[in-house]
Amino acid sequence: MQRERWSSRYYFIFAAIGSAIGLGNLWRFPYLTYKYGGGAFLIPWIVGLIVLGVPWLMLEFGMGRYFQRSAPGVFEGIGKKWEWLGWWAVFCAFLIDTYYTVIMAWSLHYVGSSASVAWGAGEAGAAGAAPFFFDQVLHLSSGPTVLGAPIGALVGFLALTWVVIFFIIFKGARVIGKVAVWTVTIPWALLIILLIRGLTLPGATEGLNYYLTPNFAALGNAEVWFGAFSQIAFTLSLGMAGMYAYGSFVAKKADVTNNAFITSFSNCATSFFAGFAVFSTVGFIMHTLSIPVGEVSASSVGLAFVTFPVAISMMPAAAGFIGVIFFLCLFFLGIDSAFFLAYGGVVRPLMDKFGWSRTKTTAGVCGIGFLIGIIFTAPGGLYWGPDMLDRAVCFYGLLLTGALSCIVVGWVFGAKKLREHINKTSDIKVGAWFDWLIKIVVPAGLLFVVIYGGFIHDIPEAYGGYQMGILNGSHIVWIILIVSLGLSFLLQSRKTKVPVITSEESEVSKK
Amino acid sequence: MNTGAIIATVIMWLIFIGALSWCFSRMGKGGGEWEG
């Protein structure tokens with residue numbers, strides 16, 4: 001049976017860029033740049049992109065194209081005993097999507113709230129932005145042991161998010177590619193509007209100085225390199241199974257390497273650009289409220305749902321309009337990552353394994369994803385979804401599956417074999433350096449991040465300081481990882497309905 | 001913006017624009033075919 005295909009090369013590139021660009025481009029990269037040496041941080045970041053991100057992306061595109069399968073099929077093709085590795089990445093993708101969509105539901109909530117600046121205008125509104133988010137939107141509880149009942153409005157926006165995802169992906173790659181053109185260009189356009197507004201605010205320049213003034217002394221600090229490598233590891237949506245599937249929709253004789261370069265550089269250019277919008281706004285808040293940069297929350301949920309609303313409250317004109325633009329931008333930044341995780345990460349692997357129909361599989365995945373996500377709309381859901389679950393699957397899961405994937409592909413399948421396969425038809429030929437990056441540098445870089453940023457903190461201390469009876473936050477993280485790993489072995493033991501063939505074998509059979 | 005921040009900005013945009021221009025100029029030169 002003919003594998004589904006992208007309608008054109010540009011649709012594939014847009015889909016891949018869209019999956020890579022996400023909330024982290026806006027709320028993680030600019031903050032890390034400011035925190036880890038400003039302009040100097042860009043050096044390890046670019047180094048990380050070249051030695052870690054690009055080869056890893058080539059690996060996922062190339063292996064997907066080689067086996068014409070999503071992640072589990074790729075590893076089954078290498079050897080049946082490795083199939084679990086693909087399924088582990090699938091579980092990570094699915095679990096990430098369950099809380100990622102909740103953050104998008106918050107964004108949709110704020111699109112409506114921003115129009116009227118519901119948390120208030122002026123200095124009173126600025127003071128009310130944090131209570132509005134935590135008390136009125138999330139109804140945040142005192143800790144993970146107090147989960148509470150789901151918040152109706154958030155459940156409604158979550159349902160809407162999953163409905164949108166369903167209608168984008170249920171017809172497969174051809175429609176996904178066409179939609180991605182819009183879901184990539186719209187946030188770019190919205191970011192330009194936000195940047196123009198930011199740059200015309202008082203204090204913007206001061207904020208940009210904090211963002212980019214180089215501090216080269218920081219380069220001697222291992223934590224700066226950790227920050228750069230971790231950002232590259234997380235920003236390209238790798239280790240989440242989906243890029244194998246996206247690569248498998250690429251024609252058997254099409255380019256791999258150039259598409260990987262274009263995707264990587266476009267994603268990082270977007271991050272760099274977003275930093276100007278973020279830090280011009282941070283500078284405006286510092287200037288208006290006369291507070292130091294350290295008192296402005298410039299990353300993650302705090303940046304999006306507290307800092308930006310504060311800035312919106314203080315804006316001299318068009319506050320509601322900018323608020324709507326910002327939260328729409330957040331939604332569009334997230335939606336293509338969300339449908340990438342759902343389709344490439346989960347639906348397509350299940351279709352490949354069990355031969356299920358696309359529509360039914362999509363409906364099932366979206367339905368179950370929605371039901372699990374309801375938990376995270378409850379007052380204690382923030383602690384469980386975007387915090388502990390995120391730590392388990394989006395930090396440990398992503399990095400461990402990524403490192404192991406590179407080791408298995410590099411040493412068992414053969415990095416040289418992969419390189420020769422992708423070089424046959426790619427616009428940019430990669431040299432033997434690729435083999436050593438895949439075999440040693442990428443897994444070593446990922447393991448450095450997981451050890452330095454994870455194990456050395458979470459083994460001696462409870463993650464997040466959470467304590468739930470005899471279990472603490474770290475125990476929950478380990479339990480999620482172990483259970484998802486066990487389920488991966490269970491799926492490996494099931495028979496694959498659609499046999500795996502390589503693109504070379506299919507060429508031979510055609511002749 | 002101070003000089004350091006301006007230099008960082010210019011260098012980064014040169015890198016991004018240069019790299020992407022080079023990638024797009026290579027498109028279709030590898031002998032690959034999109035269809036099939």
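**Close-up views of a predicted model**

**View 1. I17(B) sits in helix α1 of chain B.** That helix covers residues 3-26. The model shown here is predicted. Is I17(B) buried or exposed? I17(B) counts as exposed, because it has 12 C-beta neighbours inside 10 Å, and a residue with 12 or fewer falls in that class.

**View 2. I17(B) and E33(B) are shown together, 26 Å apart in space.** That distance runs from C-alpha to C-alpha. In sequence, 16 residues separate I17(B) and E33(B).

**View 3. Chain A touches chain B.** On chain A, 26 residues are in contact with 23 residues of chain B. Three helices of chain A, α4 (42-67), α10 (204-212) and α13 (257-289), each supply at least two residues of the side that touches chain B. Which helix gives the most? The answer is α13(A), with seven residues. By class, this side of chain A holds 13 nonpolar residues, eight polar ones and five charged ones.

**View 4. Helix α5 of chain A is mostly covered.** This helix spans residues 71-78. How many of its eight residues are buried? The count is eight of eight.

Terms used:
Residues numbered from 1 in each chain as written. Chains lettered and ligands numbered in written order. Predicted model: local features only at pLDDT ≥ 70, side-chain atom pairs only at ≥ 80, totals over all residues. Contact = placed C-beta atoms within 7 Å. Helix = DSSP H or I, 4+ residues; strand = E, 2+ residues; numbered from the N terminus. Nonpolar A, V, L, I, M, F, W, Y, C, P; charged D, E, K, R; others polar. Buried ≥ 20, exposed ≤ 12 C-beta atoms within 10 Å, placed from the backbone.
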